[in-house]
Amino acid sequence: MNQGDPATDGSGTLPKRVGMVSHPSARGRVFRYLSYATEPERGTLTCRYELDGREFAERFTLPAGPRWRSETARAAARLVFLLAGVSYYKTAAPPVIDLGETALTEAELAFLRDFYVQGLGEFGYRNNLDLSLLRIEARRAGAQNREPIAREPNGQRRALVPFGGGIDSIVVVERVRRLADVALFVVNRPADRFAAIEAPAAVTGLPIVRAEREIDPQLLRSAELGFLNGHVPVTGILSAIAVLAAVLEDRDAVVMSNEWSASVPTLEYDGRPVNHQFSKSDIFEAAFRNVLARAGPDPSAGSEPAPPRLPEYFSWLRDRTELWVGQEFGSLEQYHGSFRSCNKAFYSDKARRLDHWCGRCDKCCFIDLILAPFLSAGALGRIFAVTGEPLDNPALAGKFRALLGAGAKPFECVGEVSECRAAVLLAARRDDRAGHPLLAELALEVGAWPDAPSAADAVAMLAPVGGNFIPVGYQ
């Protein structure tokens with residue numbers, strides 16, 4: 001399901017640098033939500049926004065059909081409209097957002113503000129912008145006190161699983177398909193396909209529900225047009241698109257693959273958390289679930305139809321560690337030759353897109369480390385055959401130390417420090433890793449720290465951590 005903001009070249013992060021930049025003259029005045037419209041015969045949703053006179057339009061194309069005309073589809077499309085605006089707001093990050101004719105409940109207003117302020121936490125940190133005083137002007141909708149609507153099971157469970165081709169979504173697919181009829185969900189730009197998604201998707205043998213996301217071409221000219229640049233909470237946008245797709249496909253649940261560590265902030269700055277993975281966190285999940293459960297008729301529809309019943313939304317991995325995911329994935333040998341989590345597989349520029357692991361980035365290092373306790377050195381060597389296993393490259397020691405907490409945690413979708421430390425200790429104990437130079441060195445360093453985990457602590461990371469939102473039928 002990977003589709004990063006084009007201004008960050010698909011990876012979701014900016015190049016690493018020390019310090020931040022200031023753009024005192026680049027900030028806009030007001031970002032406005034204009035309108036959204038659907039065309040059921042073409043299966044399209046078009047969202048329109050405006051920032052200080054410059055208009056933007058984004059188009060989404062999903063399966064066409066009569067379900068587009070339902071109040072439930074309209075409610076889901078409205079949520080896509082609300083969340084997709086963040087990509088255009090960030091071009092100049094003005095202090096005011098005007099929702100215009102779009103009325104919000106109190107719950108939606110609080111949710112949307114957090115989505116902007118916390119979801120753009122990394123963007124604000126890197127651009128030296130304080131978004132905490134952001135003001136959102138919106139009319140209040142009358143359904144703000146609606147009680148949550150429980151979705152009753154209707155026959156066989158039918159789940160839609162957003163699929164990115166990495167170990168998390170692969171593990172979720174293999175678990176959830178035991179409990180429900182499953183289809184994969186993939187978002188691409190028009191006429192584009194990522195081999196890193198398509199190859200493992202083919203291994204599942206499951207049907208794929210596709211959505212095309214046509215971002216306004218002005219975003220591709222960010223540098224030329226003087227736009228601010230940085231990471232946006234893209235998983236939140238894709239989550240809303242998945243909910244719409246689930247409605248159109250008559251599926252009862254969108255099952256995410258966001259694990260426990262996604263809720264841990266990347267860093268803290270000025271007393272506030274900055275989380276690269278905010279829209280994968282438990283905070284986002286809980287708030288989005290609340291908005292979905294309380295969704296009322298669109299106030300602009302001019303009528304009072306029956307309230308929509310939107311699909312369930314939850315992460316099947318919420319209380320699972322990346323270490324647990326690595327252990328599960330280790331037994332799924334049919335995927336070992338096709339999965340790829342390297343960000344360079346998802347560049348928007350096809351000429352720069354790699355068809356193999358780069359073997360050097362933070363994601364490559366993390367995946368190697370989290371799988372090392374559960375896969376043999378030979379198996380990992382075959383996975384990283386083109387470039388060699390990252391753990392065998394002494395030049396990458398600094399990247400591994402950063403994952404372990406001895407340096408700045410990268411702005412990437414990587415595990416929490418305690419998971420990485422546990423992985424080092426467990427991997428170093430494997431017979432086939434005996435005498436491995438870098439692993440032995442890292443394990444020795446971790447063991448010497450005051451808060452060093454014990455062997456029992458490392459094993460405990462394989463157990464569930466905290467709570468989850470999984471409905472009974474999917475547990």
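Strand E1 (residues 30-39) and strand E2 (residues 44-51) of this predicted model run antiparallel to each other and are joined by eight bridges, and within this pairing Arg32 has Glu50 of E2 as its bridge partner. Strands (E, at least two residues) and helices (H or I, at least four) are DSSP runs numbered from the N terminus, and two strands pair if DSSP finds at least two bridges between them.

Both strands belong to an open sheet of ten strands with mixed pairing, ordered E5-E4-E1-E2-E3-E8-E7-E6-E9-E12.

| Edge strand | Residues | Partner strands |
|---|---|---|
| E5 | 135-137 | a single one |
| E12 | 312-315 | a single one |

Each edge strand has a single partner, so one of its sides is left without a neighbour in the sheet. On average, neighbouring strands of this sheet are turned by 20° against each other, direction ignored.

Helix H14 (residues 417-428) and helix H15 (residues 437-448) have axes that come within 9 Å and cross at roughly 125°, where axes are lines fitted to C-alpha atoms, for helices over the stretch in contact, and angles run from 0 to 180 degrees between N-to-C directions. The two helices are therefore oblique to each other, a class left over after under 35 degrees (roughly parallel), over 145 (roughly antiparallel) and 65 to 115 (roughly perpendicular). Arg421, Val424, Leu425, Ala427 and Ala428 of H14 make the contact with Leu439, Leu442, Ala443 and Val446 of H15, contact meaning heavy atoms within 4.5 Å.

Residues are numbered from 1 along each chain as its sequence is written. In this predicted model, local features need pLDDT of at least 70 and side-chain atom pairs count only at pLDDT 80 or more, while totals for chains, interfaces and linings use all residues, and side-chain values use heavy atoms, with hydrogens and water left out.
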